[in-house]
Amino acid sequence: MASKRAQNESVNTDKTKKKNKKSCEESAQLCPGVDDEQVTRAVKEAWSRRTRYSDGDLELDCHPFPHCIIRNFLSSETFIENLQRELLDLNFHEKSNDLYKFKQSDDLKKRKEPHIVGLRTALFGRFRSWLGEVLGVELEPTVDISCAKYEYTDVLLCHDDELEGRRVAFILYLVPPWQSSDGGTLDLYTTDSNFQPQSIVKSLVPSWNTLILFEVSPVSFHQVSEVLSQDKCRLSLSGWFHGPSLERPPRHIEPPIPRNPHLPKDETVLLEWVNPLYLDISYQEQIQVEFEDSSEIQLKDFLREEKFREVSEALRLAQIQWMKRDPPNKRCYETASLGSLPPCVSVCWELLHSEAFFLLLSNFTGLSLHYLCPADDEDESKEKEERQEDQEAAGSSTTSSDANTNTEKDPSTPVCCGEVRRWSAGSYTLLHDAEAARAEYALDLTLPFGCTDWQSEFGGFTCYVANEEDEELLTVYPEDNSLALVYRDKETLKFVKHVNHKSFSAGSSTCREFYDFSFIYYE
């Protein structure tokens, strides 16, 4: 009897545990439209026909791609206020790379807080079923959800969300009263015939208890614009419903930037422009030793002071024609039309393109950028083997072979490409697959102008990272008249960090900006 009584007590204890576990979940009631069969049919039809539909708090728009807005998504104000409190009590981690800067919670898949559990159950249960019915596809029960906090200058730049298994993206906003002037809008892009993003045609302002969802597709390019409010927190829950991915066309491959051999200019141009210190042969040898040890160096006060001042003033005051460099999923900055450069800027450009400068770079780095500085036999043999491996890899695919045709060059002829760039709030470059595929040995050169008051917190610095890894190898900060040289291999990529609104002068609507000459040299 004693044994039987103990067993019964154990069973009762288990029931109590299950009851307590069940009571830890707060039920989340969704907006009435989700349970309205007539609304569901209407949304399904509009989605399939790519037409607009609106009913009460629910709005469907298909321009520039299908997206749905559901206001007052959760029926209980008390529930959502408690949910907000639970989310703000979570641990958040700083997230920052080429694409974004914000704070993110751990995955919410296994969190036990009652209102988080309740929302998760409703989203990936009843709402997932409704969404699957609207789309006419079977969505998987995979739970993919996290919480994000965007505060002053935080941003998520242009991307399409495409990743294997993602079918629908969603965002639930838990924000204070918010205006478009606060930033943090969800911006939607149009695309061109190559499925590349063009321009923002719709900006959705975050709103309390509003859910936005959109189908992940080759054209679903969007961004979270930089948060401009200094005292508001853009709190949101976001994630994806998983299911069969939409068919994706072949990725567009941009034509390579033309490369050119040096211009036939002798050392006279060096004597006129370069700080005499760097023309001293013994000093060049010291630079080469340091460069060969670390593969990077910064040469301060590189140009003669009077030449640097002249170019700086011309870049700032002259009527230069600046052109936007895009698409925004890869880059966003301005580059100068070479034909519009004032004389002194044009001569500086020619300096960096000149035969004499190629020879100077060879002396600085030990690289074979001039026939008077041939590579060591060991280096030459290694490069020949690598070139042969690349050609064999390219030859295995017609597409790869065609793509590489335009970049073929005589290995004995060093070449370069370059541009004059202007950086201001909103400028950036991103890592992307095409860049990784084309990565090769190269010497990067940057020579900045107009960044006397520039601070690292503004962004605009260049980061070098290992391909397919988060490891940051080197950061180069813009510094007036400091020539930065970085030699990178095929596994090293680079990006320029987004320039944020801290770059605006204090109490002013004037944005600081700086310029640079950016060249890439190939042996």
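Student: What do the buried residues of H6 pack against?

Tutor: This is a predicted model, to be clear. In it, the buried residues of H6 pack against strand S14 (296-299), helix H9 (355-365), strand S19 (442-449) and strand S22 (483-488).

Student: And which residues in H6 are buried?

Tutor: Gln-284, Ile-287 and Phe-291. Looking down the axis of H6, these buried residues fall within an arc of 60°, so they line one face of the helix.

Student: Why would residues three or four places apart point the same way?

Tutor: An α-helix has 3.6 residues a turn, so residues with that spacing point the same way.

Student: OK, what's exposed on the other side of H6?

Tutor: Over there you have Gln-286, Val-289 and Asp-293, which are exposed.

Student: How far does H6 reach from its first C-alpha to its last?

Tutor: It reaches 20 Å with 14 residues (281-294), close to the 20 Å expected at 1.5 Å a residue. Just after H6, Ser-295 takes a positive phi of about 65°.

Student: Let's switch to H3. Which residues are buried there?

Tutor: In H3 the buried ones are Phe-79, Ile-80, Leu-83, Glu-86 and Leu-87. They cover an arc of only 115° around the axis, which puts them on the same side of H3.

Student: What covers them?

Tutor: The cover for the buried residues of H3 includes strand S4 (92-96), helix H4 (114-135), strand S6 (145-150) and strand S13 (234-242).

Student: What's going on at the start of H3?

Tutor: A side-chain oxygen of Ser-76 comes to within 3.4 Å of the backbone nitrogen of Thr-78 there.

Student: New topic: rings. How many aromatic pairs does the structure hold?

Tutor: The structure holds 27 aromatic pairs. Take Phe-65 and Phe-214: their ring centres are 5.6 Å apart and the planes sit at 65°, so that pair is edge-to-face.

Student: Where do Phe-65 and Phe-214 lie?

Tutor: Phe-65 lies in the loop between strand S2 (58-61) and strand S3 (67-70), and Phe-214 in strand S11 (residues 210-215), so the pair ties together parts that are 149 residues apart in sequence.

Student: Is Phe-65 buried or exposed?

Tutor: Phe-65 counts as buried, at 1% relative accessibility. Phe-214 counts as buried too, at 1%. Another pair is Tyr-278 and Phe-302, with ring centres 5.4 Å apart and planes at 35°, so this one is tilted.

Student: Where does that pair sit?

Tutor: Tyr-278 is in the loop between helix H5 (268-273) and H6, while Phe-302 is in the loop between S14 and helix H7 (305-317), so the pair ties together parts 24 residues apart in sequence. Tyr-278 is buried, with a relative accessible area of 4%, and Phe-302 counts as buried at 0%.

Student: Which residues do ring pairs link into a cluster?

Tutor: The cluster is made up of Tyr-278, Tyr-283, Phe-302, Trp-349, Phe-357, Phe-358, Phe-364, Phe-519 and Tyr-521.

Student: And which ring does Arg-234 lie over?

Tutor: Arg-234 lies over the face of Tyr-150, 5.0 Å from the ring centre. The charged end of Arg-421 sits over the ring of Tyr-333, 5.7 Å from its centre.

Student: Jumping to Gln-223, is it buried or exposed?

Tutor: Gln-223 is buried, with a relative accessible area of 11%. It's found in strand S12 (residues 222-224).

Student: What joins the side chains of Gln-223 and Tyr-189?

Tutor: A polar contact of 3.2 Å. Leaving aside neighbours within four places in sequence, Gln-223 is also in contact with residues including Leu-156, Cys-158, Thr-185 and Ile-200.

Student: Last bit, the backbone. Is the peptide bond from His-63 to Pro-64 cis or trans?

Tutor: That bond is cis, with omega near 5°, and Pro-64 is in the loop between S2 and S3. A cis peptide bond also joins Asp-326 and Pro-327, where omega is about 10°.

Student: What about phi of Arg-50?

Tutor: Phi of Arg-50 is near 55°, a positive value in a residue other than glycine. Arg-50 is partly exposed, with a relative accessible area of 43%. Thr-153 has a positive phi of about 75° although it is not a glycine, and Thr-153 counts as buried at 2% relative accessibility.

Notes
Residues numbered from 1 in each chain as written. Predicted model: local features only at pLDDT ≥ 70, side-chain atom pairs only at ≥ 80, totals over all residues. Heavy atoms only, no water. Helix = DSSP H or I, 4+ residues; strand = E, 2+ residues; numbered from the N terminus. Expected span 1.5 Å × (residues − 1). Buried < 20%, exposed > 50% of the residue type's maximum accessible area, 1.4 Å probe, protein only. Arc of directions from axis to C-beta. Contact = heavy atoms within 4.5 Å. Polar contact = N/O pair within 3.5 Å; in protein donor to acceptor, adjacent residues only side chain to side chain. Phe/Tyr/Trp six-rings, centres within 6.5 Å; stacked < 30°, edge-to-face > 60°. Lys NZ or Arg CZ within 6 Å of the ring centre and 35° of its normal.
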